[in-house]
Amino acid sequence: MKKQKTLSILAATFALGSLLAGCGGGQSAAPQQSGTSEQSNSGGASAGGTLEKLVIGVVGPMSGQYSDYGSTAKAGAEYALKEKAEAFKKLGFDVQLSAQDDQADPKQGVAVAQMLISNPDVVGVVGHATTGASITAAAQYDQEKLVMVSPSATGSDLTEQGKKIVHRICARDDQQGSKAAIYAKNQLNIKTAYLMHDKQAYGQGLAEEVKKQFEKDGVQILGFEGVTAGEKDYSAVINQIVAANPEMVYFGGYYSDAGIIVKQAREKGFKGIFMGGDGYDSADLVKIAGADNANNVVFTSTVGDVGATEDGKKWISDFESSTGNKVGIFTSFGYDSMGVMLNGLEEAIKANGGKKPSREQVLEAVHKTKDYKGKFVNVTFDDKGDNTFASVYVYKYENGQKVFIGEAK
C-alpha cells in the first residue's frame with residue numbers, strides 16, 4: 001500500500017469510537033495470531049512443483065469474555081480448510097489459515113484488518129464474528145477489494161452501507177428481532193413486555209426491532225431501557241421491572257450480562273419469561289444465572305440444531321474426534337463460511353487460468369455465490385451480501401440444558 005493510505009488508516013484506528021458488536025464485545029489489545037501458522041512458501045506451481053501460498057484470515061474474539069463466538073467459528077473454518085487442503089494442492093496452491101483475535105473491539109478490528117491487508121498472500125477473510133468489528137474492518141477491506149464472509153455478524157447496518165466486499169451467511173438483526181417478537185406474541189401468548197438493551201450495536205439493534213414488531217402487533221411495552229454492559233448490579237432497572245410486572249422481559253445483549261440480570265430479577269421475585277437473541281447461546285449464562293433461574297429463558301439464534309439429523313450427528317462425531325474440540329455456537333457456520341470462501345477461491349483460480357487470482361477476482365467469485373449447498377445452510381448472496389436462505393431458530397434453557405424448539409414463525 002502507498003504510505004499515505006497507510007497513515008490515513010492508522011489515523012482512523014485512533015479516531016473510531018467503541019461501537020460494539022452483534023454477538024460479542026471486548027477490550028483493545030495488540031493483534032494476536034493463532035491457529036495454523038503461515039510458513040514462508042512462495043513461488044509458483046511450475047517452479048519444480050513448489051506450491052504457491054494463499055492465505056485466508058479468520059477473525060473474531062479468540063480471547064476475553066466473548067471468545068466463544070470467535071473461537072468456535074475459527075474451529076469450524078479450520079476444519080473446513082483441512083478437508084479441502086489436498087484439492088487445492090492439486091491445483092498448485094497451499095491454502096493456509098491466519099487466525100486473528102479482534103476481541104470483538106471495533107478499534108481492534110481495524111488493526112487486524114490493516115495487518116491482513118498488508119500481507120499480499122491474503123485473498124479473503126472469514127469473519128469478523130461480531131457486528132461492530134465487522135463494520136469498522138469492512139471500511140478497510142473495501143479499499144483493497146478484500147472479500148469477507150461473516151458466519152455470525154447479524155447487525156443490519158453491516159450490509160446496508162453498500163460495500164461489495166461484505167457478505168454473511170447468517171440472518172440479520174431485523175429478521176431475528178421481528179421473528180422473535182412474532183414468536184413471543186403468537187407462540188408464547190405475550191401481551192405485555194419490558195424491553196432492555198446494553199446500548200451496543202447488536203443488543204440495542206435487536207431490542208429496537210422487537211419494539212417495532214410489538215408496536216405493530218399490539219403488544220403493550222411497559223418500558224424500554226438501556227443499561228451499561230459489564231455492570232454487576234442491575235437492581236435499579238430490575239426494581240422497575242418488578243413494579244411493572246410484565247409477562248416477559250426482552251434483553252438485547254450477551255450472556256455475561258443476561259445471566260446476571262436473570263439471577264437478580266429472579267431473586268427479586270420475577271417469575272415471567274426472559275427472551276433474547278443468539279448472544280444468550282452459551283452454557284455460561286446458565287452458570288451465571290443458576291440452572292433453576294434459567295428456566296423460562298428463551299432465545300433466538302441464526303444457527304439451527306446441528307445434531308437434528310443423522311448426517312449432522314455424524315459430522316459432530318467426526319469433527320470432535322478429528323479436532324479434539326466440542327462443537328460450539330458458531331462452529332457450523334464457521335465451517336460453512338469457509339466453505340463459501342473456498343468455493344469462491346477455487347472458481348477464481350479456474351477463471352484465471354489456474355494462476356493465483358487477485359483479491360478482486362476472488363471478491364467477484366464469492367459475490368456471485370448462488371445455491372451453494374453448505375453442510376448446515378445453503379447460500380445465495382443478494383446484491384447487499386445477505387444470504388437469501390438465512391433463517392431464525394428458537395431455543396430455551398430447561399433444567400440447565402439448551403433445548404431446540406424449532407424455526408421461529
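Predicted model: local features only at pLDDT ≥ 70, side-chain atom pairs only at ≥ 80, totals over all residues.
Residues are numbered from 1 along each chain as its sequence is written, and side-chain values use heavy atoms, with hydrogens and water left out.

Let's start with the whole chain. You'll find 13 helices and 15 strands, taken as DSSP runs numbered from the N terminus (helices are H or I with at least four residues, strands E with at least two). Of the 409 residues, 55% count as buried, meaning under 20% relative accessible area, with exposed meaning over 50% and partly exposed in between (1.4 Å probe, protein chains only). Contact here means heavy atoms within 4.5 Å. Among contacts between residues at least 6 apart in sequence, 72% join residues at least 24 apart.

Now for the largest pocket, which holds about 380 Å³ of space. Asp281, Val327, Gly328, Ile329 and Lys402 are the closest to its centre among the 19 residues that line it. A pocket is an open set of points on a 1 Å grid over the protein atoms alone, where a 1.4 Å probe fits, with protein on both sides within 12 Å along at least five of seven lines; lining residues have an atom within 4 Å of a point. The volume is the space filled by probe spheres set on the points, which are joined across faces, edges and corners. At least two lining residues come from each of α2 (67-90), α11 (310-323) and β15 (401-407).

Next, look at helix α8 (residues 255-267). Its end C-alpha atoms are 18 Å apart, which agrees with the 18 Å that 13 residues should span at 1.5 Å a residue; the expected span is 1.5 Å times one less than the number of residues. α8 is mostly covered, with 11 of its 13 residues buried, including Tyr255, Ile261 and Arg266. Just after α8, Gly269 takes a positive phi of about 100°.

Finally, two single residues. His367 lies in helix α13 (residues 359-367) and is buried, because its relative accessible area is 14%. Beyond its neighbours within four places in sequence, His367 is in contact with Lys164, His167, Phe381, Asp382 and Asp383. Gly218, in the loop between α6 (201-217) and β8 (220-226), counts as exposed because its relative accessibility is 61%. Its C-alpha atom is separated by 7.8 Å from that of Lys191, 27 residues apart along the chain.
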